[in-house]
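Work through the exercises below with the sequence and the model open. Try each task before reading its solution.

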Amino acid sequence: MNLKRNVPDHDERMLLNTPFHSRLQKACELNEWEEWKGYKAPVIFTDLAQEYFAMRNSCGVFDLTPMTKYKIEGPDATAYLDKLMTRNMTKQRVGQVLYVIWCDDEGQVLDDGTIFRLTDKRYRLCSAGRHMDWLQCTAPGFDVEIIDETAEVAALAVQGPTSCNILQGLGWDGLENLKPFNITHFQFGETPITVSRTGFTGDLGYELWMPPHCAEAFWDKLMEAGKDRGIMPIGSRALDMVRIEAGFLQAGVDFVHAETTVRSGRTRSPFELGFGWLVHFDKAHFNGRKALYQEKTQGSPHQFVKLDVAGNRPAEHAFIYNKHKKAVGSVTSAVWSPITKTNIAFASLETPWGEAGTELYAEIYFLRELKWTREMVKCSIVEEAAYNPVHRRAVPARCL
Amino acid sequence: MATDTFDVIVIGAGHNGLVCSNYLSRAGLKVLVLEAAAQAGGACITRSFSEGFAVSACAHSVSQLHPDIVGDLGLESLGLQYAVKNLKTIALSEDGNHLSILGERVEGAQLSDSDRQAYGIFYNRTKRFAAVLANLAGKCPPRLVEGGLTEKLSLFKLGLDIRMLGKTEMREFMRIATINIFDVLEEQFENPLLKGAISFDAVLGAHMGPRSPNTVLAYIHRQMGSLFGFAGPALPQGGMGTVTQAIARAAVANKVDIRYNCPVKEITIDHGRAVGVVLQDGSTYSAAQIVSNADPGTTFKGLVGYPKLDSGFARRVENIRTKSDCAKLHLTLDGLPEFTGSSDAGQRMLIAPDAAYVERAFNHSKYGEYSSAPAMEILIPSVHDASLAPQGKHVMSIIVQYAPFMLRTGWDTQSKQAFTNIIVQRLARYAPNLPGLIIDSELLTPQDIEQEFRITGGHWHHCELALDQIAMMRPVYGATRYSTPIEGLYLCGAGCHPGGNVMGMAGKNSAAAIIKGRST
Ligand SMILES: Cc1cc2nc3c(=O)[nH]c(=O)nc-3n(C[C@H](O)[C@H](O)[C@H](O)COP(=O)(O)OP(=O)(O)OC[C@H]3O[C@@H](n4cnc5c(N)ncnc54)[C@H](O)[C@@H]3O)c2cc1C
């Protein structure tokens, strides 16, 4: 009996496909996918190590279409963003990208993201989470329009030392002169493509923003252009490794979006995440200003640190202890960094245990021949990201 | 232009703004009051609307003016006199078989003994409950969390006050405080007129029908008047403006500088702190503390502006319930109307023949319509006060429910005339000779009240009195206890604890909070 109906199997998740999906599917040999804001996103295509090294040594391509994108436009767009964000947004030039965080009334971080000033009165905000409610809630009193354009903009991150060369192969002359955190535009046939020198990898790299209709053709052209320079699609797992090496926090992993927390004390302020440099008190009113000013003068309950952990076992989810064997926090992200040969972790600690020079230990559990073993591993607080090569910032971009 | 310097600027010369400035100046502060209107009083004024007649244009009787304020400010020696006190409430019946209520006494309308007894119990019980509120009304409400010692004591005292009611009474308080007046009345009374009258008092000025939650609370709030010495409403000689004129005189005597025709356009804020105001005409004034007698909506949305407030707070302000259904009709009459079965048109008369009538009247407003059979409170103050009308003529002041702020078809001369006709026809059922006596009329819809008195939504209490918007939650989390998220900016109007009516406690408590704020 043929009961085939046009409905998904009961355990199949109904996920959206990005405009690159046909190409992702073909390349995704492991067929390992995850949900990302309602989209089907590859975790690993073929081999994690290969994807990781593609990004560090040649070029990785990551489909970031599912990243939430808002078009923010209107005569008051700048003033609006200046209230929304903790950073002084009046200083952003057209063609510039800024890293931003934004807070609720209590000065707790709702999310982080990047904001692209596309014209005088038009911006694009990219963020991990969806925020239409809060964006609208901030709009009264401003002449501004906010539109979710996630599905209207297909996006690729092209990252790694050979990325500039590969893109030049599309005829994009002059790309090497684009400075970090700057935006330019190129043509792909008839279609304009916005290019920013941004990324989540800490390496030379670009993000390309295009209309969905040209996504597949562009992908093919890009892969063709990069085949001699080690181009390779990469999944979220490899990206996670490189972003930790680069010292980038991930919303929902290294901190909880304030509006989704249930328990008290689980949110974090910018100061508690090492983002004090993004909070500018000397500007017009912004959300959380009063609470943040108070925190700045009175001190924060938590500190966020980068750790260099002894040994080579990633300290994932480990408790962190002080020298009195008291738990003072826990690890939010951890990875063994193949390129720097260091064992990196991010941790959120109670004040003052995050001060430089504090003696700390990570409690690492591991399974050895069916026996759980615990190790107290020494860690030291480091100020700089593990991976921060000169070519990441070089202008003109180094071409390989 | 302004070279004078002031310690405090009060925006608005409503009775609360004036009370507040009196107490501030008595504490040695230099106070400037800036009022948009040409006279003092806000929603508590006497004005003319027809040649030779004057009327209390918004509030029309005193039933909660706090004795402390009258005493502290010496209002009696400054002109506050009553033409009449303790008016009876007459619940009108079309057949003339009316019910009369004063304090705990109720008679007429073939009232059964059990109803009379039940009313006595009900009256005294709600009065005891009102005493809990009255105690709380006399001070700044305690902070819900993280309060200091005095606040903890104050919270403790509130708990104690409730506990001191006794076990049975406390249980009853907790039980009825959250249910609706309709259910309570059904439990306790038979007489429809009695139920109608009580339910009317429970919905007066609110976007509520007798079956709405919070109506018991509203009734108890109203009952506070009985603790302030008003068994029934009182009419000031010369109309309600007499009250605010007296408070203004006290203020002037206390060296408060009151300036009229000075609408404030904007509160100036520097790095999260209020530092002054800008008037509509562009002139500026500065002071270390700014107090707003305007309603919370006007203050935060209009004078501060949402861009200068945190988004979450702005959203809460936007969601404050300020919808009013209360209209005011003024009639000038060529003689005293005769109410069937009644010889005393000088009392407070209600058209609320039963609780279901009031609920049905409310139904319309839910859908943006005015009631086809409205409920009303009728006063003819000229019966007691010859200053309000030429000899032999009278002025009638009627509070009419329900007339929605947003009428679906829009308020214009046509819809206002149509609604006026409905009201007059309804009145004629009780006073058949009334229509023939009418010389002139004036209907104030909630929109007109918003316009004339600068009250968002035209709301009686500036914002709804309900469990989620009272005491330490009034008007809204983030702006309670007279302070606001803007340092140096305070509230002192009806939108604060303990709410509206011509009472003065919001102004008095606010002054105390401001004085305290200066010392810390
Ligand atoms: C229809 C109706 C009938 C009522 N009947 C009664 C009654 O019979 N008895 C009773 O006790 N209560 C009654 N009330 C309630 C009572 O009128 C109010 O609760 C009370 O008057 C509020 O006083 P207030 O001083 O807090 O505010 P308001 O009286 O509203 O005063 C606020 C003042 O601020 C001024 N202001 C606002 N914005 C600005 C600005 N930008 N610049 C300068 N000045 C500004 C206004 O002009 C006004 O003078 C009634 C209310 C309504 C609507």
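## Exercise 1: A covered helix

Helix 7 (residues 236–245) of chain A is mostly covered, with eight of its ten residues buried. This is a predicted model.

**Task.** Which residues of helix 7 of chain A are buried, and what covers them?

**Solution.** 
- Step 1. List the buried residues: A:Ser236, A:Ala238, A:Leu239, A:Met241, A:Val242, A:Arg243, A:Ile244 and A:Glu245.

- Step 2. Look just past the end of helix 7 of chain A. There A:Gly247 takes a positive phi of about 85°.

## Exercise 2: Aromatic pairs

**Task.** How are the rings of A:Phe20 and A:Trp219 arranged, and which parts of chain A do they tie together?

**Solution.** 
- Step 1. Start with the whole structure. A search over all chains finds 25 aromatic pairs.
- Step 2. Take the pair A:Phe20 and A:Trp219. The ring centres are 5.9 Å apart and the planes meet at 45°, so the pair is tilted.
- Step 3. A:Phe20 lies in the segment before helix 1 (21–27) of chain A, and A:Trp219 lies in helix 6 (residues 215–226) of chain A, so the pair ties together parts 199 residues apart in sequence.
- Step 4. A:Phe20 is buried at 0% relative accessibility. A:Trp219 is buried too, at 5%.
- Step 5. Turn to A:Tyr52 and A:Phe53. Their centres are 4.8 Å apart with 80° between the planes, and the pair is edge-to-face. A:Tyr52 is buried at 1% relative accessibility, while A:Phe53 is partly exposed at 35%.

## Exercise 3: Charges over rings

**Task.** Over which rings do the charged ends of A:Arg289 and A:Arg313 sit?

**Solution.** 
- Step 1. The charged end of A:Arg289 sits over the ring of A:Tyr293, 5.8 Å from the ring centre.
- Step 2. The charged end of A:Arg313 sits over the ring of A:Phe366, 3.7 Å from the ring centre.

## Exercise 4: Two helices in chain B

**Task.** At what angle do helix 6 and helix 7 of chain B pack, and which residues make the contact?

**Solution.** 
- Step 1. Helix 6 (residues 181–188) and helix 7 (residues 192–203) of chain B pack at about 155°, with their axes 10 Å apart.
- Step 2. Angles over 145 degrees count as roughly antiparallel, so helix 6 of chain B is roughly antiparallel to helix 7 of chain B.
- Step 3. The contact uses B:Ile181, B:Leu185 and B:Glu186 from helix 6 of chain B, and B:Lys195, B:Ile198, B:Ser199 and B:Ala202 from helix 7 of chain B.
- Step 4. The crossing of these two helices is right-handed.

## Exercise 5: Two threonines

**Task.** Where do B:Thr445 and B:Thr46 lie, and are they buried or exposed?

**Solution.** 
- Step 1. B:Thr445 lies in the loop between strand 19 (438–444) and helix 15 (446–453) of chain B. B:Thr445 is buried, with a relative accessible area of 1%.
- Step 2. Leaving out residues up to four places away in sequence, B:Thr445 touches B:Ala327, B:Trp411 and B:Lys416.
- Step 3. B:Thr46 lies in strand 3 (residues 46–50) of chain B. At 19% relative accessibility, B:Thr46 counts as buried, since the cut-off is under 20%.
- Step 4. B:Thr46 and B:Met240 are 194 residues apart in sequence, but 5.6 Å apart in space, C-alpha to C-alpha. B:Met240 is among the residues that B:Thr46 touches, including also B:Gly239 and B:Leu388.

Technical notes. Residues numbered from 1 in each chain as written. Chains lettered and ligands numbered in written order. Predicted model: local features only at pLDDT ≥ 70, side-chain atom pairs only at ≥ 80, totals over all residues. Heavy atoms only, no water. Phe/Tyr/Trp six-rings, centres within 6.5 Å; stacked < 30°, edge-to-face > 60°. Helix = DSSP H or I, 4+ residues; strand = E, 2+ residues; numbered from the N terminus. Buried < 20%, exposed > 50% of the residue type's maximum accessible area, 1.4 Å probe, protein only. Lys NZ or Arg CZ within 6 Å of the ring centre and 35° of its normal. Axes fitted to C-alpha atoms, helices over the stretch in contact; angles between N-to-C directions. Parallel < 35°, antiparallel > 145°, perpendicular 65-115°, else oblique. Left-handed = near helix turned anticlockwise from the far one by under 90°. Contact = heavy atoms within 4.5 Å.
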